[in-house]
Amino acid sequence: VSFKGSYSQEYVDVIWTCASVLPYWADPRMKRNGQELCQVLEMDDVPSIDLVVHNFKTVCSAASTERKVDRQVLKKCCKKSYEFMQQHGIENGKLKTPMLDIVDLPCVFIGGSEILAQPCHTTMSIQDEMRPNLCKIPYEFGDLEQLFVALGASEWPIYDQYARVLNQIHLTTADSRLTPNELLLVYRAVRGLFMSLEKSPKSEKKITSLSLPSENGCLYESTKMVFNDAPWLYDRVKAYKLRFLVDLKECGLKENADELLAMLPAKHRPEMLSSYVKEALIEDCKKRLVATGLAEQLQKRLNEKAFHSAVQRLARHQAHKTGQKLSDETLFSALDNLSTIKVFAAEEINTHLLYKEKHVKGSRMEKNCFVEKILDHSGTTLCNVYVKNDLEMSQDLLIPLAEALNSILNGIL
């Protein structure tokens, strides 16, 4: 063994595959005037970070391919390498150039059947591991957090990590129906994904795509899915076999689904059913509209100050009941919408659905009340309310009319 390029036993665990290690008795450092001898023999005191990284890559590659691995030996080598790299491989919080070679390498010791994981698939703290795509770094490596985070691990599970779990499962299942175990794992990942959004809504989302579960038990790319935000339209588009997002309550999320999906980055957000299709009054019905009789009676009622006062009281009561804040600006902005309403009556109120201005087959439906919102030349939204003229002030009319008015009032009731 040449003295030049050899190191002491102190560094055996971090260089043993690519450099010589001197026996203890032959190490000049153990002799008198050891430092002078090292200079004469051209020996380095400390291995370079390049050398340690090269050794570490060799060890990790072997551990990933060999069937039989002494885990205790591997764990010891890994820990020594981690300690060295944290001390010598990071400068001003950033990885030195040689360290970049292991960022995408399975190099974090996690034990278990997987043994090693990529840094981006690991986290310092998690209660619900999802191996091999989201793993907890062993507690005995807790003092090495600076290194792991610099390599791509997280302090706690983040959005991108849960998204990777879902994307990886999608990659292996390829749009096919998930098994019960896969479905449970997917639901756990979806729950974690949205919980991470609530915890850090403004954190950076680097991942380019997201897969989410559908009602039929498959995973699809989220932007090619539809969220059922308009249940009254759901049965009327079944023939189109749309990929509807699963009910998020199935994933253990109790929050309002609309609010949860609004937190998703726009590039990952499913399409809303209400924006996917549009409900419209069939043109034949417009030819027989009248503004007298029942329509005139309703129009008069909607214009009364007493009705406006009643709406204010109901809106404030609903806000108090649900614990929400209702500002005067929001309230009066909604009340202004009442002045845009025009009521019409017809013998029949039939609607159908349009997708890209084309009729959706089988979507025709007879209704007692329907609201049509249109923009005038100034950009103001006008609301036409259509009712069947053979109805009296009964529940058959008042219930759908109340729902229609609430939509015009931006849902404050």
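User: What does contact mean here, and which residues is S8 in contact with, leaving aside its neighbours within four places in sequence?
Analyst: Contact means heavy atoms within 4.5 Å. The model is a predicted one, and in it S8 lies in the loop between β1 (6-7) and α1. Leaving aside neighbours within four places in sequence, the residues in contact with S8 are V21, D27 and R29.

User: Is S8 buried or exposed?
Analyst: Buried means under 20% relative accessible area, and exposed means over 50%. S8 has a relative accessible area of 5%, so S8 is buried.

User: Is V53 buried or exposed, and which residues does V53 touch beyond four places in sequence?
Analyst: V53 has its place in helix α3. Its relative accessible area is 3%, and under 20% counts as buried, so V53 is buried. Not counting residues up to four places away in sequence, V53 touches M85, P98, M99, D101 and I102.

User: What distance separates the C-alpha atoms of V53 and G112?
Analyst: Along the chain, V53 and G112 are 59 residues apart.

User: Which element gives the most to the largest nonpolar core?
Analyst: This core has 39 residues, of which Y82, M85, M99, I102 and F148 touch the most other members. The elements that give it two or more residues are α1 (12-15), α3 (49-65), α4 (71-88), β5 (108-111), β6 (115-117) and α5 (145-151). With eight residues, the element that gives the most is α3.

User: Which residues is M85 in contact with, leaving aside its neighbours within four places in sequence?
Analyst: M85 is one of the residues that touch the most other members of the largest nonpolar core. Leaving aside its neighbours within four places in sequence, M85 is in contact with I49, V52, V53, F56, I90, M99, I102 and L147.

User: At what angle do the axes of helices α12 and α13 cross?
Analyst: Two packed helices are described by the angle between their axes and by the distance between those axes. For α12 (residues 294-303) and α13 (residues 305-322), the axes come within 5 Å and cross at roughly 65 degrees. R301, L302 and N303 of α12 make the contact with K305, F307 and H308 of α13. These contact residues divide into two nonpolar, two polar and two charged, and the crossing angle is roughly 65 degrees.

User: Which element gives the most to the lining of the largest pocket?
Analyst: The largest pocket has a volume of about 940 Å³. It is lined by 27 residues, and the closest to its centre are W232, E279, F370, V371 and S407. By class, the lining has 13 nonpolar, five polar and nine charged residues. With six residues, the element that gives the most is β18.

User: Which element gives the most to the lining of the second largest pocket?
Analyst: About 540 Å³ of space lies in the second largest pocket. Of its 23 lining residues, the closest to the centre are G152, A153, S154, I158 and E204. Two or more residues come from each of α5, α6 (159-173) and α7 (180-199). With four residues, the element that gives the most is α6.

User: How many nonpolar residues are in the lining of the second largest pocket?
Analyst: This lining includes six polar and seven charged residues. The number of nonpolar residues is 10.

Definitions and conventions: Residues numbered from 1 in each chain as written. Predicted model: local features only at pLDDT ≥ 70, side-chain atom pairs only at ≥ 80, totals over all residues. Heavy atoms only, no water. Axes fitted to C-alpha atoms, helices over the stretch in contact; angles between N-to-C directions. Nonpolar A, V, L, I, M, F, W, Y, C, P; charged D, E, K, R; others polar. Core = buried A, V, L, I, M, F, W, Y, C linked by side-chain atoms within 4.5 Å. Buried < 20%, exposed > 50% of the residue type's maximum accessible area, 1.4 Å probe, protein only. 1 Å grid on protein atoms, 1.4 Å probe; cavity = no way out; pocket = protein on both sides within 12 Å on 5 of 7 lines; lining within 4 Å. Points joined across faces, edges and corners; volume = space filled by probe spheres on them.
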